[in-house]
Amino acid sequence: MSDSDRPDSEANRLTARAARYARVGARVGGVAARIAGTRMLGLEGRREGNAAALAAALGGLKGPIMKVAQLMATIPDALPPEYAAELATLQSQAPPMGWAFVKRRMMAELGPDWMARFSSFEREPAAAASLGQVHRAVALDGAALAVKLQYPDMQSAVEADLKQLDLVFALHRRMDPAIDTTEIAQEIGERVREELDYRREAGHAALYAAMLADEPGVRVPRVRPELSTGRLLTLEWLEGRRLLDFTGEPLEVRNAIARAMFAAWWLPFSRFGVIHGDPHLGNYTVFEQGGQARGINLLDYGCIRIFPPSFVGGVVDLYEGIKAGDEARVVHAYETWGFKGLTRELIEVLNIWAGFIYGPLLDDRVRTIADGVAPGEYGRREAFRVHKALKEKGPVRVPREFVFMDRAAIGLGGVFLHLAAELNFHALFEEAIADFSVERVAARQGAALAKAGLG
């Protein structure tokens with residue numbers, strides 16, 4: 001029997017969902033009642049306490065709800081700032097599965113002879129996260145491997161947790177209707193569900209290998225399909241050091257790492273319409289040659305967003321429109337993205353945010369991404385200004401495609417701030433879009449997706 005023919009004993013099971021509802025619902029429901037009571041009694045000044053209570057409730061839960069809470073904390077205006085600040089402190093580290101359990105899981109995925117398919121397999125995980133854990137191993141051909149094994153019943157847990165988080169989003173919409181979070185919730189749900197499919201993640205890794213094949217500063221691990229299933233992903237192990245280990249290095253070293261980060265993010269987007277939606281520091285390591293940092297290893301491919309080529313056209317239109325002072329092109333860009341019912345006042349509010357995101361790209365000089373701003377605060381001040389203005393001019397529904405584009409840009413800026421990089425971001429961006437057209441993006445994207453088996 002092939003791996004794909006094995007019966008799926010962990011598909012979205014009612015019993016597992018019910019158990020998860022009970023665990024999560026009791027905690028989230030209690031906080032929801034507290035939030036609603038605060039609102040009814042007009043005690044808005046107590047939001048900090050409610051935010052801390054929500055973080056405490058979620059902090060005792062492992063699994064997808066932690067991942068989603070952290071995602072929400074990094075999307076500007078998905079939550080009030082007090083809630084975002086508290087949820088950003090959550091850690092998604094889950095207690096690792098024990099060896100007896102790992103053996104059962106590996107047997108279920110690769111069969112009873114699974115150990116014979118590796119030269120060695122480390123018992124202790126090298127990393128544990130919200131949806132699974134990674135073990136180091138060595139292939140029969142001597143290659144170093146990273147074996148990512150999904151925790152049990154994750155599909156049921158994801159569905160249960162997303163249902164509970166709908167409650168939080170609904171409360172937020174009633175409390176603070178300036179931004180309609182309906183599409184944000186849908187987008188988060190879709191991306192987290194995709195992260196459960198390790199075959200799709202294997203396709204994402206193959207896609208990035210194709211898109212960045214000519215970029216020496218970015219390394220993408222090779223997939224070992226014969227050692228992978230829907231819940232088991234085996235990749236080449238890429239040696240590297242934490243990005244934060246290089247924050248004290250000379251400027252030219254930090255700049256080299258930042259250039260590689262820029263290429264890893266903007267080249268796939270501007271040329272293929274694809275972004276890495278989770279620019280978390282743990283998803284990168286720095287590789288060295290001759291004792292010198294040469295670039296980055298891109299390690300995780302769960303949260304990847306593939307955009308319609310027209311959306312990329314909107315990003316370039318907005319950049320060119322702001323640069324030329326062409327208001328019609330700016331409005332066309334917003335409409336291309338899916339913003340509806342735009343008034344002049346709403347356009348002015350959106351332009352505040354656009355000016356922040358595009359500011360470094362429009363400034364033709366060597367500079368930091370944002371002078372005097374802490375990495376964790378990047379974008380918060382501007383998001384607050386936009387939110388305040390939308391209360392007066394809104395509401396506005398954020399199109400779902402915009403969600404991870406926005407989040408990834410903020411996360412990438414935070415990385416540049418950690419590195420204190422000084423680059424001409426304008427020149428780098430102009431190079432990335434030098435031969436841009438929607439038609440070229442569509443052609444490149446179609447070919448790359450087909451090659452990666454994602455067509």
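Trainee: How do you know what span to expect for helix 14?

Mentor: Helix 14 has 20 residues, and at 1.5 Å a residue the expected length is 28 Å. The rule is 1.5 Å times one less than the number of residues. From first C-alpha to last, helix 14 reaches 30 Å, which is close to that expected value. Keep in mind that this is a predicted model, where local features need pLDDT of at least 70 and side-chain atom pairs count only at pLDDT 80 or more, while totals for chains, interfaces and linings use all residues. Residues are numbered from 1 along each chain as its sequence is written, and side-chain values use heavy atoms, with hydrogens and water left out.

Trainee: What comes just after helix 14?

Mentor: A420, with a positive phi of about 50 degrees. Its place is in the loop between helix 14 and helix 15. Most residues other than glycine have a negative phi.

Trainee: Why does A420 get the label it has for accessibility?

Mentor: A420 has 37% relative accessibility, so it counts as partly exposed.

Trainee: How do you know which way helix 9 and helix 14 run relative to each other?

Mentor: Check the angle. The axes of helix 9 (residues 251-272) and helix 14 (residues 400-419) cross at roughly 170 degrees and come within 9 Å. Axes are lines fitted to C-alpha atoms, for helices over the stretch in contact, with angles from 0 to 180 degrees between N-to-C directions. Under 35 degrees is roughly parallel, over 145 roughly antiparallel, 65 to 115 roughly perpendicular, and the rest oblique. Helix 9 and helix 14 are therefore roughly antiparallel.

Trainee: Which residues make that contact?

Mentor: On helix 9 they include W265, W266 and F269, and on helix 14 they include L412, V415 and F416. Contact means heavy atoms within 4.5 Å. By class, the contact has 14 nonpolar, no polar and 1 charged residues. Ala, Val, Leu, Ile, Met, Phe, Trp, Tyr, Cys and Pro count as nonpolar, Asp, Glu, Lys and Arg as charged, and the others, Gly among them, as polar.

Trainee: What about helix 12 and helix 15: parallel, antiparallel or perpendicular?

Mentor: Helix 12 (residues 344-362) and helix 15 (residues 425-432) pack at about 90 degrees, with axes 6 Å apart. That angle makes them roughly perpendicular. P360, L361 and L362 in helix 12 meet F425, H426 and F429 in helix 15. That contact has 5 nonpolar, 1 polar and no charged residues.

Trainee: What makes two strands count as paired?

Mentor: DSSP has to find at least two bridges between them. Strand 3 (residues 132-139) and strand 4 have 7 bridges and pair in the antiparallel sense. Strand 4 also pairs antiparallel with strand 7 (residues 232-236), over 5 bridges. There, L149 stands opposite L232 in strand 7. Strand 4 (residues 144-150) is mostly covered, with 6 of its 7 residues buried.

Trainee: Why are strand 6 and strand 8 called edge strands?

Mentor: Their sheet is an open one of 4 strands in the order 6-11-10-8, with mixed pairing. Strand 6 (218-219) and strand 8 (241-242) each pair on one side only. Strand 6 runs parallel to strand 11 (residues 292-298), joined by 2 bridges, and R219 stands opposite N297 in strand 11. Helix 9 packs on this sheet too, touching strand 6, strand 10 (284-289) and strand 11.

Notes: Buried means under 20% relative accessible area, exposed over 50%, partly exposed in between (1.4 Å probe, protein chains only).
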